[in-house]
Amino acid sequence: MQLIGRRLSSAEARVLLDDPTTVETLLYGDPDDDEMVQPELDLGKNWHALHYILNGSAWGIGEGAGAAILGGVEVGEDNS
C-alpha cells in the first residue's frame with residue numbers, strides 16, 4: 001500500500017466528497033491531458049514508518065499527530 005496525496009482547496013474537497021470518483025483527476029490531473037500533474041506528496045510505502053513515528057503504533061490511531069496518516073474518512077476506491 002502506498003500513500004500519494006495533495007493539498008485540496010475547500011472547493012476541491014467539496015467536489016471530492018460529493019463525487020469520490022474525482023480522486024484520480026484531483027491527484028494526477030485530467031487523464032486526457034498529455035502532461036500529467038505530479039502529486040504534491042508521494043510517500044510510497046514510507047507512510048507506514050511515518051505513521052509509527054507520529055503515533056508510536058503500527059496501526060493504532062491516537063490523539064494528535066497519529067491521525068495524520070490513518071485518520072479521517074476514506075474517499076473513493078482503493079487503487080492499489
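Tutor: Start with what counts as an element. A helix is a DSSP run of H or I with at least four residues, and a strand is a run of E with at least two. The model here is predicted.

Student: How many helices and strands are in the chain?

Tutor: The chain has 4 helices and 2 strands. Read from the N terminus, the order is β-α-α-β-α-α.

Student: What makes residues 67–70 a helix, α4?

Tutor: Helix α4 covers residues 67–70. A helix needs at least four residues, so the run 67–70 qualifies. Ala67 belongs to α4.

Student: Why is Ala67 called partly exposed?

Tutor: Its relative accessibility is 32%.

Student: Which residues does Ala67 contact, beyond its neighbours within four places in sequence?

Tutor: Ala67 contacts Ile61 and Gly62.

Student: Is His51 buried or exposed, and how do you know that?

Tutor: His51 has 0% relative accessibility. Buried means under 20%, so His51 is buried. His51 sits in helix α3, residues 47–55.

Student: What does His51 touch, not counting residues up to four places away in sequence?

Tutor: His51 touches Gly56, Ser57, Ala58, Trp59, Gly60, Ile61, Gly66, Ile69 and Leu70.

Student: What share of the chain is buried?

Tutor: Of the 80 residues, 18% are buried. The accessible surface comes to about 6200 Å², and carbon and sulfur atoms hold 51% of that surface.

Student: Which residues gather in the patch of negative charge?

Tutor: Asp30, Asp32, Asp33 and Asp34 gather there, on the surface. Asp counts as negative, so these are like charges.

Student: Why is Asp34 called exposed?

Tutor: The relative accessible area of Asp34 is 77%. Exposed means over 50%, so Asp34 is exposed. Asp34 is placed in the loop between α2 (23–28) and β2 (41–44).

Student: How do you know that Glu40 is exposed?

Tutor: Glu40 has a relative accessible area of 57%. The limit is over 50%, so Glu40 is exposed. Glu40 lies in the loop between α2 and β2.

Student: Which residues is Glu40 in contact with, leaving aside neighbours within four places in sequence?

Tutor: Glu40 is in contact with Gly5, Arg6 and Arg7. Glu40 and Leu27 are 13 residues apart in sequence, and their C-alpha atoms are 8.3 Å apart.

Student: Why is Tyr28 called partly exposed?

Tutor: Its relative accessible area is 26%. That value is between 20% and 50%, so Tyr28 is partly exposed. Tyr28 is in helix α2. The C-alpha atoms of Tyr28 and Arg6 are separated by 9.5 Å, and the two residues are 22 apart along the chain.

Student: What share of contacts joins residues at least 24 apart?

Tutor: The share is 36%, taken among contacts between residues at least 6 apart in sequence.

Terms used: Residues numbered from 1 in each chain as written. Predicted model: local features only at pLDDT ≥ 70, side-chain atom pairs only at ≥ 80, totals over all residues. Heavy atoms only, no water. Buried < 20%, exposed > 50% of the residue type's maximum accessible area, 1.4 Å probe, protein only. Contact = heavy atoms within 4.5 Å. Areas by Shrake-Rupley, 256 points an atom, 1.4 Å probe, with all protein chains shown as cover. Patch = residues over 30% accessible without salt bridge, like charges linked within 9 Å, V, L, I, M, F, W, Y side chains within 5 Å. Salt bridge = Lys/Arg side-chain N within 4 Å of Asp/Glu carboxyl O. Charge placed at Lys NZ, Arg CZ, Asp CG, Glu CD.
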